[in-house]
Amino acid sequence: MALTPDTLLDGPRGRRLLLEFALASERRSDPSPSELAGTVHEAATALEPEGEHRGRLMSRWPVFGSPVRVLSTAVGPAEVARALDATNLEEPTEDLLRLVLGDVVAFARYWQEPEGEDLLAGSAELRGALLRVAGHLLDSSQTRWWNEPVVLEDQACVQWPEIPGYDHSGEPTQVLSDWRAEQQALELRARRDRPQDPAASYGGVWWSRPPEKLLRSTARFSDHAPAVLYFFEDGFGWETAHTRRLWVSGAPTVYEIRVAQDWVVLCERFPLEVTAEKRHDWYRTTGRAGRWLIPDWEAVSKEYDGVHLSVAGYLRSAGLAIPVGKDTASVIAGWNPGETWWFTAETSLGPKIAHWQLDDESLHWWEVASCAGDELPPAG
């Protein structure tokens, strides 16, 4: 299914992308206090769930930042829509898009209520103004890869400090078997120990991605930086990373997630109930009370060598309560856009290790000879 302006507004991450791109355009073109930023700030603050400033993440763009004018009168979505319509949009270059999308990915939170900006972007009053932004982005050649399948010839794996990566990956069959047993134990424990009231103050394992000790990879930008350096949900502010090329033997069968229905098919064919474990977190983030499913990744691995969430699939569907059948639903959560998880052992890593360092001022990742102060030993 083609990515269109309308479908880009289907998901909360897509809508937030459009709002953040307009804000970034204003920051780049106007160094003075900015009308759009001011109206968004005030309208979003008014919509923010009461008391929900926990873990609030502001923009990471000090280089493009400008003062926010706090307006003296109350503003709402209608005023934001007018300011959006009046905002000149920048050319959607690869550099600008990956910084904006990087913020949108970092803002995702599936364990508590949506931010005020997400609620604002989902308001009916903003739809027309956001459609203009969507058309502007999708007219660019820089967004065409968002809906493409996995590019097998150009995949890279990343090793971050302190979390499993390519040098901590396990044998896929064993990893998946252990994961399946762990999910059963978590669900049984949650059924026993947690209340059924979805609004109760409980939380658990909120993500629905495959097990983390599997290999995962992403495509690379024109400067060879793997996309995941910029696009990582629930990250820890890493400033160093190591990457290696990934090669997959033969002609692997990769399941593609481009739209919510693709996720539905996985949940219907390979269902795993996680209601007790996810109930409280996913109620807070979606407002839905009921039964929850995720794909049984061990069962999926019997038929597919990997699964790829395209950038388009992420923008359309991540964070939604996606209906599955009559009384169940699911959420794509904790999965980075453009990432492929591998269930097959028929993979190999290239011998060359590339070292990357984040520049705190420009927020760009640069390939370096070595990472100063990095405690990770060379891999390979």
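In this predicted model, glutamate 277 is placed in helix H10, which spans residues 275-286. With a relative accessible area of 4%, glutamate 277 is buried, because a residue counts as buried under 20%. When residues up to four places away in sequence are left out, glutamate 277 touches Leu186, Glu187, Ala190, Arg194, Gly204 and Val205. Arginine 194 lies in the loop between helix H8 (172-193) and S2, whereas glutamate 277 belongs to helix H10, so the pair ties together parts that are 83 residues apart in sequence. Both members of this pair, glutamate 277 and arginine 194, are buried.

A second salt bridge joins arginine 291 and glutamate 273, whose closest N and O atoms are 2.8 Å apart. Here the pair links two strands, with arginine 291 in strand S6 (residues 291-295) and glutamate 273 in strand S5 (residues 271-273), and the two residues are 18 residues apart. Arginine 291 counts as partly exposed at 34% relative accessibility, and glutamate 273 likewise counts as partly exposed, at 28%.

A further salt bridge is formed by aspartate 154 and arginine 220, with 2.7 Å between the closest N and O atoms. This pair links distant parts of the chain that are 66 residues apart: aspartate 154 is found in the loop between helix H7 (127-138) and strand S1 (155-159), and arginine 220 in the loop between strand S2 (216-218) and strand S3 (240-248).

Another arginine, arginine 98, has its place in helix H5, which covers residues 94-107. Arginine 98 counts as buried, at 5% relative accessibility. Apart from neighbours within four places in sequence, arginine 98 is in contact with Phe221, Asp223, Ala225, Tyr230, Phe231 and His364.

Charged residues are also found at the surface, where Glu239, Asp359, Asp360 and Glu361 gather in a patch of negative charge. Within this group, glutamate 361 lies in the loop between strand S12 (354-358) and strand S13 (365-368). Glutamate 361 has a relative accessible area of 62%, and it is therefore exposed, the limit for exposed being over 50%.

Across the protein chain as a whole, there are 12 helices and 13 strands. Of the 380 residues in the protein chain, 56% are buried. Among contacts between residues at least 6 apart in sequence, 84% join residues that are at least 24 apart. The accessible surface of the protein chain comes to about 16300 Å², and carbon and sulfur atoms account for 51% of that surface.

Technical notes. Residues are numbered from 1 along each chain as its sequence is written. This is a predicted model: local features need pLDDT of at least 70, side-chain atom pairs count only at pLDDT 80 or more; totals for chains, interfaces and linings use all residues. Side-chain values use heavy atoms; hydrogens and water are left out. Patches are made of residues with over 30% relative accessible area and no salt bridge: like charges are joined within 9 Å, nonpolar side chains (Val, Leu, Ile, Met, Phe, Trp, Tyr) within 5 Å. Accessible areas come from the Shrake-Rupley method with a 1.4 Å probe; for residues, only the protein chains shown count as cover. A salt bridge is a side-chain nitrogen of Lys or Arg within 4 Å of a carboxyl oxygen of Asp or Glu. Lys and Arg count as positive and Asp and Glu as negative; His and the chain ends are not counted. The place of a charge is taken as NZ of Lys, CZ of Arg, CG of Asp or CD of Glu. Helices (H or I, at least four residues) and strands (E, at least two) are DSSP runs, numbered from the N terminus. Buried means under 20% relative accessible area, exposed over 50%, partly exposed in between (1.4 Å probe, protein chains only). Contact means heavy atoms within 4.5 Å.
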